[in-house]
Amino acid sequence: MAAKKTQKANKAQKTQQPDVPQFFRLSVEVGDLGAAVAFYNQLLALEGRKQPGARCYYGAGPVTLSVLDVSSQGKPHPAAKALYFTVRDLDAAFARAKALNCLSRESVHDAPGGGIVVRPWGERSFYAEDPWQNPLCFVEAGTIYPG
């Protein structure tokens, strides 16, 4: 009897709360998985977890970054406007990006995208790009603009 009451309470609770989608994985397309793993391992200072299907996963907080080799099917398509990562040590992330020669050459609000800058909205950040033109942004934790 108690189990039936619990099931009814859980069902009522589910109908009252909105079913908000939770973002859990983002895939970026690359043209060479080995080169991509070496790049992201160095840039993120993490070891990726190779997966079946020509992909490698990186734990990035509650979201998994999936690096997917699509070279057998065609040319990679760049990701959305930018993938944003928070880091505690922005200077260390910047040094890794600089060593990989992947800093953005674009301007962001009249400031160099590839330089560490406090943006007009308060974030201390820099922009980079992987070898397949996937745009990346690294933001210092504690300066994130929540909107």
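## Confidence

Among the elements of the protein, helix H2 has the highest mean pLDDT (98), while helix H1 (residues 2–16) has the lowest (65). Here pLDDT is the predictor's confidence in each residue, from 0 to 100, and helices (H or I, at least four residues) and strands (E, at least two) are DSSP runs numbered from the N terminus. The protein averages a pLDDT of 90, and 90% of the residues score at least 70.

This is a predicted model, in which local features need pLDDT of at least 70 and side-chain atom pairs count only at pLDDT 80 or more, whereas totals for chains, interfaces and linings use all residues. Residues are numbered from 1 along each chain as its sequence is written, and side-chain values use heavy atoms, leaving out hydrogens and water.

## The sheet

Let's turn to the strands. An open sheet with mixed pairing is built from 4 strands in the order E5-E10-E9-E8; two strands pair if DSSP finds at least two bridges between them. Strands E5 (83–87) and E8 (117–118) are the edges, each pairing on one side only. E8 runs antiparallel to strand E9 (residues 124–129), joined to it by 2 bridges, and Val117 stands opposite Ser125 in E9.
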